[in-house]
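The following report describes a two-chain complex, taking up the contact between the chains, then each chain in turn. Please read it with the sequence and the model at hand.

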Amino acid sequence: MIETRGLTKRFGQLTAVDNLNLRVEKGEIYGFLGPNGAGKTTTIMMILGLLKPTAGSVKLFGKDLSEDFFGIRKRLGVMSEYQYMYDEMTGREYLTFFGRLYQVENVERRVQEMLERVRLQDRQDELVGGYSKGMKQKLGLARVLLHDPEVLILDEPTNSLDPYGVREVRDILLEEHEQGRTLLISSHLLSEIERTCTRVGIMNKGRLLAENTMDELRRRLTQEIEIRVDLESPPDGVLDQLSQLPSVVSVTPAPMPADGAAASLIIKAKPGAERRAEIARTLSNAGALVIGMRTEEMNLEEVFVTITENNISLLTEEGVA
Amino acid sequence: MSVTAQRLHAVRLIAGRELRSTVMGIGIYIVMALSFVLASYYINAFIYAVSQNGAVAASSPLIIPLFIAVFIGALYLGLLSSLTISRERDQGTLEVLFYGPVDSFSYVIGKFVEQMAVFGIFLLFDLIFFGIIALITNAGLNWQMLGLLLISFFVAASVVAFGILLSSLTRSSRASVILFVAIMIAFTAFFWLYGQLMQIPDKELSTTMIYVRQAVDYLRRGIEWISPLDYLNRGANAVAAGSLTGFIVSLVEALVYGAVLLAASIFFFNRKGVRK
């Protein structure tokens, strides 16, 4: 749906985006991450044709924007970080204006649907200038969804929202995804990205350093995983049996858990999807009764910080960049 | 839907939204009232002269007050146009608009159409106002006045295009206004100085000053083609002189000038971009 090849933007001596190869597939939620000044917004501007690249190309729906400018623009729904609106219009008038611009059929009915969806129907006749930041954010989302676009490009969609608003917006975006929309989301709320995105791309200093599923990024960044096992009755010698497993690096008893388990073990092992099964089988064979097992994984924040702080590229080995 | 149809659709919506915003505002009515007050002042002075002298020879006594009203309207539109793009860029709404099916052509032309629609409202009120004055004073509406109204529409188009060009060149509304006012003052000051210089007899000028005056004269010829208000002057002069050829030439000149400025506006708008 979105593809960039060798996309580069220089502002004088500064290279804001450097040889970016990005690919967002149909139906996925792509989390576009990076610290401030990483080049995310510049990339989005180039994707939308609002900024001319120094080099490289952008394809939307397999076409250059110049091939079908108006057609492509109508298939996109774009929301920026800040909601700039016509303050002299009411919420309903604002959506109606954009509905007409996008030539939405039965525009009045559609506007009402969208106002109800973002829970602004009771405030629709108030001037947008009097809306709170959160209300503007929701109205912006309603504008984006009004014309039923195939691809949503959202920059900080939950900015200015309270926790209820964040949940509402997340639910709406997940509903849109279920209906087959493709989403490109740029956000600093990493927990939100982790919950919603099927794939993430991490940019730093104008370069795309990583692009993959969360599981794959974790796997590639993690030298060893930590598995905590709660046992009801640890049989003798179980520590030795676990230690002898080729994938296990170390086994140490943990402090007594508060949940009633008789003992807990912290097992450090080499990363791999089959580790938990291997450990569970060994414990079972030793006669241990496992009452809990959880893997301590890197969260997106840790992945993000690890990649951006150390400027690690996870693309080079795969030959992408 | 063809590209042209898509563009026209965007032009219509952009112009409609802007027009609504302008009509709902108070600025247009204040300027209109001001232009009528100044025109009335002139008419009053004329009537006073008639009452004092018994008769005053004038082929069309309302032409100058009408020119004043039209001039003020066109100047206001120029100022408004100089704000139109930069203000929206300043507010960030321009970027949001350009996420959708809007290109620079449809946007600039939409702005132009809206300003011309506002001028159309000005002209309508001018017609009503001067129609009433003509009835009261028995001065009569004549073809010269209608000619001035017609040519003022085309000249206003060039003033608006000039304002839009300035707006496309600047990033903030403040800079646009300052630039517009500064250029208008510079043009006016130049023509005033030129007038003063031309009034000095040759024998009172040194050789150097004669060369300076010649250079200023060449400069004036150039500025005549740049200053939008000069198109209005030329058109008004052609109307006052009753020259049909001069009228048509002024009209065509204003049209070409406006088209060139609009094309330049689109070019510079594309270079400046839509971001705040």
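How many residues does the contact take from chain B, and how many from chain A? The contact takes 19 residues from chain B and 20 from chain A, where two residues are in contact if their C-beta atoms, placed from the backbone, lie within 7 Å. On the side of chain B that touches chain A, the elements giving two or more residues are helix H1 (3-24) and helix H4 of chain B, and H1(B) supplies the largest share, 7 residues. That side of chain B divides into 8 nonpolar, 8 polar and 3 charged residues; here Ala, Val, Leu, Ile, Met, Phe, Trp, Tyr, Cys and Pro count as nonpolar, Asp, Glu, Lys and Arg as charged, and the others, Gly among them, as polar.

This is a predicted model, in which local features need pLDDT of at least 70 and side-chain atom pairs count only at pLDDT 80 or more, whereas totals for chains, interfaces and linings use all residues. Residues are numbered from 1 along each chain as its sequence is written, while chains are lettered from A and ligands numbered from 1 in the order in which they are written. The predictor gives the complex an ipTM of 0.83 and a pTM of 0.81. Chain B averages a pLDDT (the predictor's confidence in each residue, from 0 to 100) of 87, and 98% of its residues score at least 70. Among the elements of chain B, the lowest mean pLDDT, 80, belongs to helix H9 (residues 228-241), and the highest, 92, to helix H4 (residues 93-97).

Chain B has 10 helices and 0 strands, where helices (H or I, at least four residues) and strands (E, at least two) are DSSP runs numbered from the N terminus. Its C-alpha atoms fill a box of roughly 65 × 55 × 35 Å, taken along the principal axes. Of the 276 residues in chain B, 38% are buried, a residue being buried if 20 or more other C-beta atoms lie within 10 Å of its own, exposed if 12 or fewer, and partly exposed in between, with C-beta atoms placed from the backbone. Among contacts in chain B between residues at least 6 apart in sequence, 84% join residues at least 24 apart.

Chain A contains an open sheet of 6 strands in the order E5-E6-E7-E3-E8-E9, with mixed pairing. Strand E5 (76-79) and strand E9 (207-212) of chain A stand at the edges with a single partner strand each, so one side of each is left without a neighbour in the sheet. The twist averages 15° from one strand to the next.

| Strands of chain A | Bridges | A bridge partner pair |
|---|---|---|
| E8 (residues 199-204) and E9 | 5 bridges | A:Asn204 and A:Arg207 |
| E1 (residues 2-11) and E4 (residues 55-60) | 5 bridges | A:Thr4 and A:Val58 |
| E1 and E2 (residues 14-24) | 7 bridges | A:Glu3 and A:Arg23 |

E1(A) and E2(A) form a hairpin with 2 residues between them, and A:Gly12 in the turn has a positive phi of about 65°.

Helices also pack on the strands of chain A. Helix H5 (residues 133-145) of chain A lies across E5 and strand E6 (151-155) of chain A, running at about 165° to E5(A); axes are lines fitted to C-alpha atoms, for helices over the stretch in contact, and angles run from 0 to 180 degrees between N-to-C directions. Helix H11 (residues 300-310) of chain A packs on the sheet, where it touches strand E3 (29-33), E8 and E9 of chain A, and its direction makes about 30° with that of E8(A).

Note on methods. Two strands pair if DSSP finds at least two bridges between them.
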